[in-house]
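Dear colleague,

Please look it over first, and then read the notes that come after it.

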Amino acid sequence: MTELNGRPVRPAELQALALTNYGHFTTMRVTDGRVRGLTLHLDRLRRDCRALFDTELDLDLVRSYARRAVPAAGSVLLRVTVFDPALDLGSLGGRADPAVLVTTRPAGDGALPAPLRVRSVRYVREQPEVKSVGLFGALRHRRAAQLAGYDDALFVDHAGAVSEGGTWNIGLVRDGEPVWPEAAHLPGTTLELLRGLRPGRREAVPVAGLAGYDAAFATNAAIGVRPIAAVDGVELAPGHPLIAELAAAYRELPGTPV
């Protein structure tokens with residue numbers, strides 16, 4: 001399903017996304033009409049709308065649009081994108097009237113996916129705290145990593161500290177506890193939920209010191225928790241029991257009705 005402000009979208013209304021690409025979004029996994037961390041997703045939409053468009057977003061209206069798109073049973077990935085179809089490259093300083101684009105796609109069976117093998121790359125997303133539709137840099141590094149035989153790229157800041165993946169956060173394990181990197185990153189909804197379950201420690205994680213950690217895992221709303229088998233030439237333990245524990249605890253979290 002693809003709808004704009006609760007009605008079928010016209011192709012011309014998507015030109016601003018294709019040609020200007022200014023906006024923000026959130027993606028959530030909806031299962032039987034319920035979402036883990038729904039409040040976090042809505043808070044993100046409100047916060048990012050203020051940051052990019054200097055206006056308030058009607059979250060009740062957003063939820064009504066989302067309810068139209070999701071089935072009563074089964075799982076889908078629901079993406080809510082906020083952009084202004086009237087803004088173009090020459091008029092970005094104009095008064096914004098953001099619209100809400102709702103799309104869905106299959107979510108898969110929810111099984112624990114295969115461990116990732118990633119390579120590190122020096123890259124910091126522009127305004128990383130905003131979930132922007134401008135994904136060029138992240139996707140360029142993902143493509144380069146995959147062409148080199150890896151699954152994805154892991155971003156490292158200019159000080160050599162691990163920050164995040166292109167569309168996921170990273171957690172590590174040391175001494176049986178989760179470690180959450182402190183470098184600038186997008187605070188994902190799954191990350192925030194897991195921190196609530198197991199606060200662990202927050203610290204700078206130097207990419208040169210990854211051999212001192214026992215395991216690592218990726219998190220986002222689409223996959224939940226996914227083990228990381230290796231970063232560059234550093235092998236990690238994808239079968240570490242804490243990863244399975246976190247994945248199970250996340251799956252058991254009750255969702256909120258859309």
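A residue is called buried here if its relative accessible area is under 20%, exposed if over 50%, and partly exposed in between, with a 1.4 Å probe and protein chains only. The model is a predicted one, in which local features need pLDDT of at least 70 and side-chain atom pairs count only at pLDDT 80 or more, while totals for chains, interfaces and linings use all residues. Residues are numbered from 1 along each chain as its sequence is written, and side-chain values use heavy atoms, with hydrogens and water left out.

Aromatic rings come first. Rings of Phe, Tyr and Trp (for Trp the six-membered ring) are paired if their centres lie within 6.5 Å, and planes under 30 degrees apart count as stacked, over 60 as edge-to-face and the rest as tilted. By this rule there are 3 aromatic pairs. Y22 is in the loop between α1 (15–19) and β3 (23–31), and F53 is in helix α2 (residues 38–53), 31 residues apart; helices (H or I, at least four residues) and strands (E, at least two) are DSSP runs, numbered from the N terminus. Y22 is partly exposed because its relative accessible area is 33%, whereas F53, at 5%, is buried.

W180 and F217 also form an edge-to-face pair, at 5.8 Å centre to centre and 90° between the planes. W180 belongs to strand β11 (residues 177–181) and F217 to strand β13 (residues 215–220), so this pair ties together parts that are 37 residues apart in sequence. Both W180 and F217 are buried.

R36 lies over Y250 at 4.8 Å from the ring centre, and R79 over F25 at 3.7 Å.

T189, in helix α5 (residues 189–197), counts as buried because its relative accessibility is 7%. Apart from neighbours within four places in sequence, T189 is in contact (heavy atoms within 4.5 Å) with L40, H41, R44 and A221.

Note on methods
A charge sits over a ring if NZ of Lys or CZ of Arg is within 6 Å of the ring centre and within 35 degrees of the ring normal.
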